[in-house]
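Hi,

Here's the model I promised to pass along.

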Amino acid sequence: YKETKFDADKIKALPAITAVKIFGIALIGIFIMFTGYHDDGVENNQAEQQKQEVKKETKVTQVKEEKEKKSKEEIEAEKEAEYRELAGNLVQRVGYAMGLVGQGFTDWGQGKAIGRNQVVQGLKELNNEVKELDNLEPAKSQKELHKEIENLVIGYRDTVEKALNAGDRGDADTLLKCAEELNKLNNRIPGIMAKVEAD
């Protein structure tokens with residue numbers, strides 16, 4: 001609320017429905033931020049996936065021999081590339097889940113019954129992505145990046161869970177605190193995405 005120059009007491013006095021609307025609008029901004037990063041990644045990922053599929057089709061019989069001949073550096077480089085792709089996809093799915101959550105809070109704040117269900121669905125998606133983190137195997141050089149992604153995804157999940165409970169209680173103060181927490185998480189996205197997309 002510092003950026004909007006709203007008076008803190010006025011914000012605290014907002015009715016719960018208004019707070020839910022504000023929270024929903026903030027979450028839609030998150031979704032736009034994620035999809036902005038997603039657009040460049042999709043084109044690169046699709047081209048890269050097509051290249052990989054062609055390579056796989058032409059070299060199926062040679063895979064076992066190549067794996068035996070590869071040096072540790074080559075194996076590590078392949079692991080890094082695979083992790084970048086999988087981690088990038090995971091972060092994009094988190095973005096879509098947060099878009100669903102944002103739209104849900106907006107609809108909920110407008111009194112639409114479906115809004116809360118959208119938030120619950122988005123939270124389920126975030127829980128799935130937290131579980132999916134265990135399936136990512138970072139290379140040695142990516143351990144720190146993996147920890148950052150893990151903290152980001154778990155942070156989003158926990159904050160949305162708090163916001164959902166606050167929305168059920170009509171707790172405007174907690175919703176505004178959750179919006180601030182989300183803003184802090186959002187500020188970490190550019191750095192994380194830069195590391196994910198680094199060659």
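Helices here are DSSP runs of H or I with at least four residues, strands are runs of E with at least two, and both are numbered from the N terminus. Keep in mind that this is a predicted model: local features need pLDDT of at least 70, side-chain atom pairs count only at pLDDT 80 or more, and totals for chains, interfaces and linings use all residues. Numbering runs from 1 along each chain as its sequence is written, and side-chain values use heavy atoms, with hydrogens and water left out.

On to the fold. The protein has seven helices and zero strands, so to speak an α-α-α-α-α-α-α pattern along the sequence. Of its 199 residues, 36% count as buried (under 20% relative accessible area; exposed is over 50%, partly exposed in between; 1.4 Å probe, protein chains only).

After H4 comes Gly-111, with a positive phi near 85°.

Then there's helix H6, residues 143–169, where Lys-143 sits. Val-153 and Val-91 are 62 residues apart in sequence, yet their C-alphas are 7.9 Å apart in space.

Cheers
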